[in-house]
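Thanks for coming, everyone. Please look at the screen while I walk you through this one.

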Amino acid sequence: MLFPSLSALLGRFFYWSRSTHEQALAEAGFGDIHWHPLECSPEPEHVEFWRDYLGNQRSIALCCREPPLA
């Protein structure tokens with residue numbers, strides 16, 4: 001058997017809250033954090049296809065800046 005279990009194939013995944021991401025970024029020196037909502041094409045067949053994912057997202061999209069070098 002190539003993989004002994006599904007978890008071995010997929011690995012371990014963690015969910016970090018928005019506040020945890022922001023705290024980690026701030027502790028690393030990043031600021032000006034902007035979150036961007038994930039969206040899909042407005043075409044009806046795309047909306048239906050992505051409905052479950054968009055309702056239970058496991059990805060994030062954000063921008064932030066590192067401080068200028070001294």
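Let me begin with a definition: helices (H or I, at least four residues) and strands (E, at least two) are DSSP runs, numbered from the N terminus. Now the ground rules. This is a predicted model, so local features need pLDDT of at least 70, side-chain atom pairs count only at pLDDT 80 or more, and totals for chains, interfaces and linings use all residues. Residues are numbered from 1 along each chain as its sequence is written, and side-chain values use heavy atoms, with hydrogens and water left out.

First, the layout. The chain has 3 helices and 2 strands. Read from the N terminus, the order is α-α-β-α-β.

Next, the surface. The chain exposes about 6400 Å², by the Shrake-Rupley method with a 1.4 Å probe, where for residues only the protein chains shown count as cover. Carbon and sulfur atoms supply 60% of that area. For single residues, buried means under 20% relative accessible area, exposed means over 50%, and partly exposed is in between (1.4 Å probe, protein chains only). Of the 70 residues, 4% count as buried.

Contacts now. A contact means heavy atoms within 4.5 Å. Take the contacts with a separation of 6 or more: 59% of them join residues 24 or more positions apart.

On to salt bridges. The rule is a side-chain nitrogen of Lys or Arg within 4 Å of a carboxyl oxygen of Asp or Glu. How many salt bridges does that rule give? The count is 3.

Start in helix H2, residues 18-27. Glu22 pairs with Arg18, and their closest N and O atoms are 3.4 Å apart. The two sit 4 residues apart, about one turn of the helix. Glu22 is partly exposed at 29% relative accessibility. Arg18 is partly exposed too, at 48%.

Move to helix H3, residues 44-55. Here Glu48 and Arg51 meet at 2.8 Å, N to O. They are 3 residues apart, again about one turn of the helix. Arg51 is partly exposed, at 47%.

Arg65 meets Asp32, with the closest N and O atoms 2.9 Å apart. Arg65 lies in strand S2 (residues 62-65) and Asp32 in strand S1 (residues 31-35), so the pair ties together parts that are 33 residues apart in sequence. Arg65 counts as exposed, at 57%. Asp32 is partly exposed, at 44%.

Stay with Asp32 for a moment. Its phi is near 50°, a positive value in a residue other than glycine. Most residues other than glycine have a negative phi.

Now the largest pocket. On a 1 Å grid over the protein atoms alone, a pocket is an open set of points where a 1.4 Å probe fits, with protein on both sides within 12 Å along at least five of seven lines; lining residues have an atom within 4 Å of a point. Points are joined across faces, edges and corners, and the volume is the space filled by probe spheres set on them. That volume is about 290 Å³. Which residues are closest to the centre? Of the 15 lining residues, they are Tyr15, Trp16, Trp35, Ser59 and Ile60.

Last stop, His21, in helix H2. Is His21 buried or exposed? His21 is buried, at 17%. Not counting residues up to four places away in sequence, His21 touches Trp16, Trp35 and Ile60.
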